[in-house]
Amino acid sequence: MATRALIGARSRATFRLPASRFLSIGPISRFASALVIAEHEGGSIKAPSLSAVEAAKSLDKDNSISMLLAGSGPSLQEAAAYAASCHPSVSKVLVADSDRFMHPLAEPWARLIQLVQQRENFSHIVAASGSFGKNILPRAAALLDVSPVTDVIEISESTKFVRPIYAGNALCTVRYTGAHPCMLTIRSTSFQAQPDSTDSKAHKAPISQVDLSTFEEADTIGKSQYVKLTSQESERPDLGNARIVVTGGRGLKSAENFKMLEKLAEKLGAAVGATRAAVDAGFVPNDLQVGQTGKIVAPELYLAFGVSGAIQHLAGMRDSKVIVAVNKDADAPIFQVADYGLVGDLFEVIPELLEKLPEKN
């Protein structure tokens with residue numbers, strides 16, 4: 001029977017549903033060995049992939065964790081060296097050096113994961129639940145003929161996981177009973193990577209090259225094609241990892257008014273986010289969208305201006321440590337999850353904040 005719980009000042013229904021049964025073929029090995037699919041850039045491992053290592057660590061106390069990197073050039077080698085010492089739980093780094101993996105296309109990456117799994121026989125394959133992992137892991141799962149468990153926020157046992165459903169309004173506990181490997185995508189905000197320690201920096205995992213002599217990609221050619229990468233240079237922190245996030249909704253009314261929000265973010269050293277309504281209206285690009293179909297964030301401070309609080313948006317930010325909302329509608333749903341709320345006109349509040357806040361050093 002479903003149970004309901006109130007957590008702190010925020011009302012949230014928490015349901016524990018019967019364990020779902022995934023594809024039942026054979027038992028998971030009692031000895032866990034995990035492969036983390038890592039995303040790298042500029043010679044470093046991205047923070048969500050380090051969170052995936054944290055998640056893999058909690059699968060089993062004697063878990064052996066390998067990290068898979070792919071790409072080509074000096075950046076890949078730098079990332080491999082970084083991966084070898086980035087976390088004391090990483091026991092091996094696998095490197096696939098080929099131009100075929102320069103871009104995160106699902107077809108060649110999924111084939112690579114299949115090749116590595118056939119050779120190493122991992123019990124678990126883990127990736128962060130971002131655009132990189134969501135693109136690659138489901139296709140790899142199809143090639144391996146297993147059912148993936150997505151968007152995991154808690155690992156109870158090596159085969160028992162908790163994931164949100166109904167836009168985060170309920171939590172579902174599932175048990176995987178399928179064949180090797182158990183494939184997971186995890187919410188990086190639920191498995192925060194620990195800061196580097198002296199022991200971590202002294203640790204050096206061995207680096208092995210993946211033999212690609214039998215790699216076949218004939219069936220992947222032409223199904224998707226890399227076109228280009230467009231990005232905006234900014235001194236502001238990345239939205240997914242920022243300590244402070246300033247988000248604007250449809251209440252800002254125009255792209256011009258969003259510049260006011262950007263000035264506030266610069267003073268606070270914060271990242272800028274937006275609701276889907278603001279993105280659909282063309283105020284900002286869609287890479288700033290926070291919510292169920294955008295980025296999931298859990299900063300220390302989340303400031304929402306002109307955000308009504310649609311359930312899809314709340315699913316992407318409700319785990320923030322402190323939520324502050326400013327909206328002229330006193331009945332806006334955002335106030336139900338906010339720790340602090342101000343009923344007022346954002347066009348008066350933001351200029352006053354800009355005036356009061358000191359310039360960022």
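Me: Is Asn-327 buried or exposed in this model?
Reply: The model is predicted, and the relative accessible area computed for Asn-327 is 10%. Because a residue counts as buried under 20% relative accessible area, the value of 10% places Asn-327 among those termed buried.

Me: Which backbone atom does the side chain of Asn-327 reach?
Reply: Asn-327 lies in strand 17, which covers residues 322-327, and, leaving aside residues up to four places away in sequence, Asn-327 touches several others, including Gly-306, Ser-308, Phe-335 and Leu-342. The side chain of Asn-327 also comes to 2.9 Å from a backbone atom, namely the backbone nitrogen of Asp-329.

Me: How many aromatic pairs does a search of the whole structure find, and what is the geometry of Phe-101 and Trp-109?
Reply: The search of the whole structure gives four aromatic pairs. One of them joins Phe-101 and Trp-109, with 6.3 Å centre to centre and 75° between the planes, and both of these residues are buried. Planes over 60 degrees apart count as edge-to-face, and therefore the angle of 75° makes the geometry of Phe-101 and Trp-109 edge-to-face.

Me: Which helices does the pair of Trp-109 and Phe-132 link?
Reply: Trp-109 and Phe-132 form an edge-to-face pair at 5.1 Å centre to centre, with 85° between the planes, and both residues are buried. The two residues are 23 residues apart and belong to distant parts of the chain, Trp-109 to helix 3 (residues 106-120) and Phe-132 to helix 4 (residues 131-144). The helices linked are thus helix 3 and helix 4.

Me: Which residues do ring pairs link into a cluster?
Reply: Trp-109 pairs with Phe-101 and also with Phe-132. The cluster linked by ring pairs includes Phe-215 as well, and its members are Phe-101, Trp-109, Phe-132 and Phe-215.

Methods: Residues numbered from 1 in each chain as written. Predicted model: local features only at pLDDT ≥ 70, side-chain atom pairs only at ≥ 80, totals over all residues. Heavy atoms only, no water. Helix = DSSP H or I, 4+ residues; strand = E, 2+ residues; numbered from the N terminus. Buried < 20%, exposed > 50% of the residue type's maximum accessible area, 1.4 Å probe, protein only. Contact = heavy atoms within 4.5 Å. Polar contact = N/O pair within 3.5 Å; in protein donor to acceptor, adjacent residues only side chain to side chain. Phe/Tyr/Trp six-rings, centres within 6.5 Å; stacked < 30°, edge-to-face > 60°.
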